[in-house]
Protein chains: 2
Amino acid sequence: MAINIAVDAMGGDHGLPVTVPASLDALKLYSDIHITLVGRESEIREELAKYQYDSSRITVQHAEQVVEMDDLPSKALRNKRQSSMRIALNLVKDEQAQACVSAGNTGALMAVAKFVLKTIPGIDRPAICTSMPTMKGHVHVLDLGANVGCDGEALMQFALMGSVLTRAVDDNPAPRVGLLNIGEEEIKGHQRIKDAHALLTQTSINYIGYIEGDDIYKGDVDVVACDGFDGNVALKSSEGVAKMIAFYLKQSFSKNLLTKLVALIAYPVLKSFKDKVDPRRYNGASLLGLRKIVIKSHGGADQFSFLNAISEARLEVAKNVPDLISAEVSQLLQELKPLKSADDAAQVEQVKTAKSV
Amino acid sequence: MAINIAVDAMGGDHGLPVTVPASLDALKLYSDIHITLVGRESEIREELAKYQYDSSRITVQHAEQVVEMDDLPSKALRNKRQSSMRIALNLVKDEQAQACVSAGNTGALMAVAKFVLKTIPGIDRPAICTSMPTMKGHVHVLDLGANVGCDGEALMQFALMGSVLTRAVDDNPAPRVGLLNIGEEEIKGHQRIKDAHALLTQTSINYIGYIEGDDIYKGDVDVVACDGFDGNVALKSSEGVAKMIAFYLKQSFSKNLLTKLVALIAYPVLKSFKDKVDPRRYNGASLLGLRKIVIKSHGGADQFSFLNAISEARLEVAKNVPDLISAEVSQLLQELKPLKSADDAAQVEQVKTAKSV
């Protein structure tokens, strides 16, 4: 049976002119998928009419409302029950689709997805996870902004989920997992990071220790776990500096007629360089920790970007990522249980000692 | 009278072969400075002997010990009282030099400088501040790792110090100051950031509100204030992504004979591009909030980088940055005093109300 992917056709900065042709591209690329486009039916059909496609592989599901990019999550949750985002997620909940892809606003998508699909037992907070290029391939980083002020246990859960995802989608048997920290302080970083460090050393996760911001891109770590604030700062700063570099590179090559001529000559080289670091290739962040698969596309995604988000959804369905996470969480809780009991016992002991002093 | 700059000649990954020639370069570049090289006298004289220079403008101050790059700050403080770093800072304390430049380890430099030179009254925690390139010029970012887990008042002090520095060294009458935050959450960021936001809106600082990581590089803000953890993550991630981009650019141009030929043709353009984003130009971070001027050079600095750190020291002496900060802090405390009293009054009122309920 084909994998059915529910696409929030109205989401993102561009909406239908991006989501519809990208969905049709995905159908061409993968013979094993079906797509349900969710949104205003007449508008979707109008967009579809512009293309040739196999209508048996596309379903249109009407949704009256649209979650706007600046809608508050609480508003999206309460007042937009007929939105394309909500209805796409409902299809996944009702098992009519196996994954949802949306370029809609992140906060709203996370809030509605969490409400509709629920979290995996044992997971407190779902996290946003994306892959990013490195000098040797790519790395999965989470959380990227869903959770601010995580404790050590939440960070450990992120590490676990990132590890499971990487093992599944990259066929990497033992992903190296690092905790994002800084190296300046005598006693490094926040307490939550030290707590997560202590927990991770006690698990079967291939935990390699603390890493710093520049290590993200070196290719010596496969999963970076961090608080959502820190991950967001790392991601956005990286985006910013990459854009600045692209800006100056372009400026240098377009300074005058001669440099423009050089640009023409260098075009194939510059093109091959650009392809390697093209952020569009990495579009499609996973909302990990939910019971079903939800992929968040960048709001500003173009057709090629959005296609990659659909590809990610298909891959996660094929690899059955939520079930793998669920199984691993149960196992991890078993691993940590004796330790926790030991901790409790130690604490009781401490209290006793303190009292007797 | 010449500005005397005390250079920790032994600091950094490379030590004397970088610090000595860079110091001589600085003497050539600026007729108004004198340099005191602090470190093992025989080794310094051996290095100096390799160059032609005006010996009347160089003093060598012997120091037996060296703070190693992996020495703990506490160890540097207690056990290395005869280190080149400590003696260079002592020269500044005793007003025999007006500034100290060191490429030694950051944690040790901060700890020893704070102990020897003390903080400006009203400043709780000195911060590390560096300038970084943007699409329109540059931006000052602080703190970059000296302080983890700052409260709102510390962040406000960083904002103030960054603003004063920028006004002085960039001749910018009203630097735009932003607080680093993330945009994903319904209620954004950490409490400390909200507290700093509330404080900053009540001051005469040209505060423009929250910014995100990518805004650092856009050129629409002159000072970015943040917790040391967040600043370090932003800085290191940016460094990492820039290095990765450089790696792929180089790789694309050196793939085969043809691409190497293209690289030769494109060399002047690539060179002009590289100069614009060259991190060596931005070397020389200020330890702001101390009573005297201390400049931290990157540990891996080369001769050109280290020269820039000396230039920064000279500029801050000429502009008298610590005295400017000191004056502004007094004024700010005046501005906030009535507010604080009002706050206290309000709190007393709340307590009263709570009790009467």
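Here are some notes on the predicted two-chain model, point by point.

1. **Ground rules.** This is a predicted model, where local features need pLDDT of at least 70, side-chain atom pairs count only at pLDDT 80 or more, and totals for chains, interfaces and linings use all residues. Residues are numbered from 1 along each chain as its sequence is written, chains are lettered from A and ligands numbered from 1 in the order in which they are written, and side-chain values use heavy atoms, with hydrogens and water left out.

2. **Salt bridges overall.** Side chains of opposite charge can pair when their charged atoms come close. Searching the whole structure turns up 40 salt bridges over all chains (a side-chain nitrogen of Lys or Arg within 4 Å of a carboxyl oxygen of Asp or Glu).

3. **Two pairs in chain A.** D215(A) and K218(A) are joined by a salt bridge, N to O at 3.0 Å. Both ends are partly exposed: D215(A) has a relative accessible area of 22% and K218(A) has 34% (buried means under 20% relative accessible area, exposed over 50%, partly exposed in between, with a 1.4 Å probe and protein chains only). The other pair is K271(A) with D275(A), whose closest N and O atoms are 3.1 Å apart. K271(A) is partly exposed at 37%, and D275(A) is partly exposed at 33%.

4. **Why do K271(A) and D275(A) sit about one helical turn apart?** They are four residues apart in helix α9 (residues 257–277) of chain A, so about one helical turn separates them. An α-helix has 3.6 residues a turn, so residues three or four places apart point the same way. As for the element names, helices (H or I, at least four residues) and strands (E, at least two) are DSSP runs, numbered from the N terminus.

5. **A buried pair in chain B.** K80(B) and D71(B) form a salt bridge with the closest N and O atoms 2.7 Å apart. Here K80(B) is buried at 10% relative accessible area, and D71(B) is buried at 8%. Over in chain A, a network of salt bridges links D71(A), K75(A) and K80(A).

6. **The A–B contact.** Chain B puts 63 residues into the contact and chain A puts in 63 residues (contact means heavy atoms within 4.5 Å). The area buried between them is about 5400 Å², with carbon and sulfur atoms giving 70% of that (buried area is the accessible area, 1.4 Å probe, that two parts lose on being put together, summed over both). Two salt bridges run between chain B and chain A. E212(B) with K236(A) forms a salt bridge, the closest N and O atoms being 2.4 Å apart.

7. **What does chain B bring to the side that touches chain A?** The elements giving two or more residues are α3 (73–79), α5 (106–117), α8 (228–253) and α9 (257–277) of chain B. Of these, α8(B) gives the most, with 21 residues. The residues on this side of chain B divide into 30 nonpolar, 21 polar and 12 charged (Ala, Val, Leu, Ile, Met, Phe, Trp, Tyr, Cys and Pro count as nonpolar, Asp, Glu, Lys and Arg as charged, and the others, Gly among them, as polar).

8. **Cysteines.** The search finds zero disulfides over all chains (a disulfide is a pair of cysteine sulfur atoms within 2.5 Å). The sulfur of C100(A) is 17 Å from the closest cysteine sulfur, in C129(A), which is too far for a bond. For C226(A), the closest cysteine sulfur is in C150(A), 8.7 Å away and also too far for a bond. C100(A) is buried at 0% relative accessible area, and C226(A) is buried at 3%.

9. **Helix α4 of chain B.** Eight of the 10 residues in helix α4 (residues 84–93) of chain B are buried, so the helix is largely enclosed by the rest of the structure. Among the buried ones are M85(B), R86(B) and I87(B). E95(B) follows α4(B) and has a positive phi, near 60 degrees.

10. **Backbone spots to look at.** Most residues other than glycine have a negative phi, and most peptide bonds are trans. The peptide bond from L142(A) to D143(A) is cis, with omega near 0 degrees, and D143(A) lies in the loop between β6 (138–142) and α6 (152–169) of chain A. In chain B, a cis peptide bond joins L142(B) and D143(B), with omega about 5 degrees. K118(A), not a glycine, has a positive phi of about 65 degrees, and K118(B), not a glycine either, has a positive phi of about 65 degrees.
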